[in-house]
Amino acid sequence: MTSVMFSSKRSKPLMAAIFLLLGLLMSTIIGIQSIGVCYGTLGDNLPSAPEVVQLYQSSGINRMRIFDPNPATLEALRRSGIRLIVGVPNNDLQALASIPNAATDWIQSNVLTYTPDVDIWCIAVGNEVSPTNPPTSQFANYLLPAMKNIQSALLAAGLTQIKVSTASFSQLLGSSFPPSQGSFSDGVSSFINPIISFLVENDSPFLANIYPYFSYTGDSQNIPLPYALFTAPGVVVQDGNLQYQNLFDASLDAIYAALERSGGANLQIVVSESGWPSEGDPAATVENARTYYTNLLNLVKGGTPRRPGQAVETYLFAMFDENQKGGLETERHFGLFSPSQQSKYQIAFN
């Protein structure tokens with residue numbers, strides 16, 4: 001057997017290079033594993049739940065967010081290896097906040113019935129609830145009590161590994177420019193600060209829905225399209241020593257800054273929705289959507305200017321075009337796949 005000896009002077013640079021390569025490899029692996037896709041069911045022409053789960057698997061998508069505890073979906077996910085965020089619809093918040101045992105019954109029916117076969121890691125209680133937004137303001141007083149009751153029911157059931165959070169959104173910010181000045185608006189501080197404290201106490205993530213598409217279409221005079229699509233050729237926003245070439249990073253870092261100002265400096269942010277529609281508006285094209293999704297997948301692996309090197313767990317919105325969604329025409333064209341299961345953008349998830 002031949003032994004090989006390295007001098008200390010030569011081995012140190014070699015080992016440093018090896019560790020650097022291992023670090024880059026692990027960062028890439030973690031980034032790939034941190035991508036999920038939201039699965040909505042507001043369509044009358046969508047595949048069955050088992051077919052959807054098979055499509056996730058064959059596409060290399062290992063994380064899913066659903067917006068309600070649909071029994072067919074949960075059953076199809078058994079032993080699939082897909083990690084899951086389960087949503088609690090806004091309409092259920094009042095009952096969960098005020099009716100004795102409602103949270104216990106919810107956990108029994110929608111979690112205990114399926115675990116450990118279904119890998120539920122987080123329960124998103126409510127979606128984009130805001131005390132200043134009329135469509136959801138009616139649920140604001142029930143949100144935190146519902147979250148606390150769900151948390152208590154999980155602990156009572158011994159499910160300490162499942163996190164409880166709520167899906168928030170950028171409209172809660174009163175300031176977002178420059179990103180370092182991000183802060184929650186005065187009108188929501190009494191609403192969001194106790195929620196942040198709850199998340200900190202329970203080591204739960206802050207879920208944030210981030211849509212550069214809506215920011216761009218709402219202010220296209222001041223926001224360049226390349227800045228929203230990750231294609232700006234250079235720095236667009238200089239914020240102290242931080243430089244921003246895309247709106248997604250700026251939006252996410254504004255939320256980080258707001259959390260830091262509200263006692264949540266150490267909270268992990270999970271981007272619970274982000275997407276770009278392919279039809280229904282001049283900016284909503286297949287090419288723009290493909291560009292957005294492709295660049296987003298590459299970007300979130302490496303973190304943001306404010307939090308570099310930290311892969312951001314991100315859920316793309318959404319798996320399918322949903323022809324029964326209300327609102328603007330664009331709402332029905334966010335799918336990565338057509339209802340026939342054909343990929344619209346040929347995105348590589350793995």
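User: Which residues does F206 touch in this predicted model, not counting residues up to four places away in sequence?
Analyst: The model is a predicted one. Leaving aside residues up to four places away in sequence, F206 has contacts that include S165, S168, F184, I192 and L199.

User: How many residues does the largest nonpolar core have?
Analyst: F206 is among the residues with the most contacts inside this core, together with I123, V125, I150, F184 and F248. The number of residues in the largest nonpolar core is 112.

User: Which helix gives the most to this core?
Analyst: The core in question is the largest nonpolar one, with 112 residues. Nine of its residues come from a helix that spans residues 247-261. The helix that gives the most is α11.

User: Is A228 buried or exposed?
Analyst: A228 is found in helix α10, which covers residues 225-228. A228 touches P212, Y216, L247, W276 and Y292, not counting residues up to four places away in sequence. Because buried means under 20% relative accessible area, the value of 0% makes A228 buried.

User: How far apart in space are A228 and Y211, C-alpha to C-alpha?
Analyst: In sequence, A228 and Y211 are 17 residues apart. In space, their C-alpha to C-alpha distance is 9.1 Å.

User: What geometry does the aromatic pair of Y211 and F334 have?
Analyst: The structure holds 16 aromatic pairs. For Y211 and F334, the ring centres are 6.0 Å apart and the planes stand at 80°. Since planes over 60 degrees apart count as edge-to-face, the pair of Y211 and F334 is edge-to-face.

User: How many residues apart in sequence are the parts that Y211 and F334 tie together?
Analyst: Y211 is buried, with a relative accessible area of 11%, and F334 is buried at 2%. Y211 lies in the loop between β8 and α9 (212-218), whereas F334 lies in the segment after β12. The pair therefore ties together parts of the chain whose separation in sequence is 123 residues.

User: Which residues form one aromatic cluster with Y211 and F334?
Analyst: Y211 and F334 themselves form an aromatic pair. The cluster that holds both also includes F67, Y213, F214, F230 and F248.

User: How many residues apart are R78 and D117, which form a salt bridge?
Analyst: The closest N and O atoms of R78 and D117 are 3.1 Å apart. R78 is in the loop between α3 (71-76) and β3 (83-88), and D117 is in the loop between α5 (102-112) and β4 (119-127). The pair links distant parts of the chain, with a separation of 39 residues.

User: Are D321 and K344 buried or exposed?
Analyst: D321 forms a salt bridge with K344, and their closest N and O atoms are 2.9 Å apart. D321 and K344 are both in the segment after β12, 23 residues apart. Both D321 and K344 are buried.

User: Which residues do salt bridges that share partners join into one network?
Analyst: A search of the whole structure finds 13 salt bridges. One of them is formed by R78 and D117. Through shared partners, one network joins E75, R78, R79 and D117.

Key. Residues numbered from 1 in each chain as written. Predicted model: local features only at pLDDT ≥ 70, side-chain atom pairs only at ≥ 80, totals over all residues. Heavy atoms only, no water. Core = buried A, V, L, I, M, F, W, Y, C linked by side-chain atoms within 4.5 Å. Buried < 20%, exposed > 50% of the residue type's maximum accessible area, 1.4 Å probe, protein only. Helix = DSSP H or I, 4+ residues; strand = E, 2+ residues; numbered from the N terminus. Contact = heavy atoms within 4.5 Å. Salt bridge = Lys/Arg side-chain N within 4 Å of Asp/Glu carboxyl O. Phe/Tyr/Trp six-rings, centres within 6.5 Å; stacked < 30°, edge-to-face > 60°.
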